[in-house]
Amino acid sequence: MLFGMYSLVSASFFVVVDAADVAMTEAAVGAGVSTILMLSTLAATGYTVRKRPPRRELLAIVVAIAVGGALLYGTLDMPRFGAPNAPLHQHPVAHHYIQVSPKETGIPNMVTPLLASYRGYDTFGEVLVVFTAGIGVLALIGRRPRENGELAPEDGFVDHTATRHRVLRVVAKTLIPPILLYAWYIQAHGDYGPGGGFQAGVVLAAGMMLYLLIFGVDRTEKLVRPRTLECLIALGVLVYGGVGLVNMAQGGNFLDYRTLVHDEKHAIHYGILAVELGVGITVAAVMTTILFTFAGHLRNLLGTAYMANLSRRSNQGAQSA
Amino acid sequence: MFAVTALLLLVSMALTLVRALRGPTMFDRILAMNMFGTATVLLISVVGFLNTARDLVDIAMIYALISFATTIAVLRFVEMDQARRSTEAES
Amino acid sequence: MSQAIDVLSWILLVTGGVASVVAGIGALRMPDLFSRMHAASILDTFAAAAVLSGLLLQAGLSIVAFKLFLVFVFLAFTTSTAAHALAKSALTYGQVPEGVDPKSIGATEEREYVEPASELADPREGPAAKV
Amino acid sequence: MDLIGLFNYWVFIVLMMSGFYLLLSARNLVKKIIGVNLFQTSVFVFYISTANVTGGAVPIHDEGIEVYSNPLPHVLILTAIVVGVASTALGLSLILRIKAEYGTIEEDEVDAQDVLS
């Protein structure tokens, strides 16, 4: 939980240093998705740590301080914070991205064309990494391991959060549509303001997460079937790669959008939009799948006795409140 | 003026952080985290105006929505944890 | 006219900032959870309203003003709901407001809150049971 | 006075070393993952702070603004954050798997079971 606060702080730092897109991603990822993942892992593994005599602590402290000291010595020659004459800002590439790219692509947000066009190969690789991580999580803890006679939803298992917290349910139902709509706004508005595929995907996943938290895994999986999500994960990567292949079929290089339509400026714009859409689909689907998988694992792990206890307590709470 | 407000908000965030570190029960920590989130939303919008980058309001909006989801998640986690503890105590 | 708006928005902004500090002090000094929640609600309602309306006056009639209004609406929804859920959970798991008879709110011994032995706890307490 | 301009690097070093320390010393695997995350975030902070230019604006093109922050580190970190959370999820799911197989997530206990069997 302090971890979540920590990411709030770091996101506000990003705001202060003018990195709007990064702050938006960090807001959704750090405060939302990754905190939830940490919490569900802790819930599954237990979070009290046995006190034991420190063995490697001294060595670790010495190593950390030594490396830190070496790094500190290294910083003495670094350019000062915010200095405009730092090599990074003097490099001709930086000049090109800042001065030429808005004219060349007609997109005011410099981060978006840089992400999807100038560094398109790189981003394709990143999307593939996200894709692989999603597949990996599915392979490791899978959907619904039922081998030990685990609890099936038909056994009368009801997630009590929805019935117990009536206020929560109503408010969540009001809030989730704006969140999902807002995710689409971020996706579509990425050329003009902070936003784009990565941010939209994560915010969409955060909206699904809220639904998951309040209504439980089973109802959420009726809403969005895991099978559909698996198809979407692949679809996003296919859209991204497909744009590149279309470029090649039209005689250009892979991900060289200028061949798409006649007017170069429009072609680049369309290409970027299509690629961002692919990124958004994959990221949203992977994040939602990961959340579903963790939630399903947790539910299967915690067993019948625990659920019975939870519901008994919930009923008491409902009566007294 | 924006800077003054931002500073005051930072002071408030620091106080909240102390409560989160001290807070005797889990619920105190959750409360502190919630306050911290609200203060961050305000801080981001103020800093957006300070830097004349008014698009930053978008980020404040996302924060307002997502810190809520996180609070709910932590509450659920506490409830699950309590229930599991008493389950283990009974068995 | 624009000067008057500026002055008004500055007053609102500083009031909001001071209110947030007051809320922070309250959260630190109040005796128990429920009175701390009262302090938190000052930040959630008064400080938020003051700061956001101060910014609203600065923004004028634009898309930014609309977004600020949306931020305020979302904050109003989420913080109050979160406070409700928090208070309900706290009541269910054994937190009792000061000066209230535990039996009158249906608190039983069974619903006592078990503070988990976390790492922040005193290490001299001996080995904590691992779950 | 001149050294004050280096404070962003110091923040980054402190963050990174606390993550590194946690990574080296913790036996609980979840704490190790938290350490990796701290380490990761310190790198994000480093990159973003190098991108900043005094008086620069958010890199969204607008009339009348001359100085912008450098957008290149922003792009790198933007993708790195999402990739980071995906890999964190992968690590955490490995931990869940280890818990299911070994019944513990303490590093040395897992090792001990491996030696015995």
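Author: Buried area is the accessible area (1.4 Å probe) that two parts lose on being put together, summed over both. This is a predicted model, in which local features need pLDDT of at least 70 and side-chain atom pairs count only at pLDDT 80 or more, while totals for chains, interfaces and linings use all residues. Residues are numbered from 1 along each chain as its sequence is written, chains are lettered from A in the order in which they are written, and side-chain values use heavy atoms, without hydrogens and water.

Reader: What area is buried between chain D and chain A?

Author: In this pair, 74 residues of chain D are in contact (heavy atoms within 4.5 Å) with 81 residues of chain A. Carbon and sulfur atoms give 75% of the buried area, and the total is about 6900 Å².

Reader: How many salt bridges are counted between chain D and chain A?

Author: A salt bridge needs a side-chain nitrogen of Lys or Arg within 4 Å of a carboxyl oxygen of Asp or Glu. Between chain D and chain A the count is zero.

Reader: Which helix gives the largest share of the side of chain D that touches chain A?

Author: Helices here are DSSP runs (H or I, at least four residues), numbered from the N terminus. On chain D, α1 (7-25), α2 (29-51), α3 (71-102) and α4 (107-116) each supply at least two residues of the side that touches chain A. The largest share, 24 residues, comes from α3(D).
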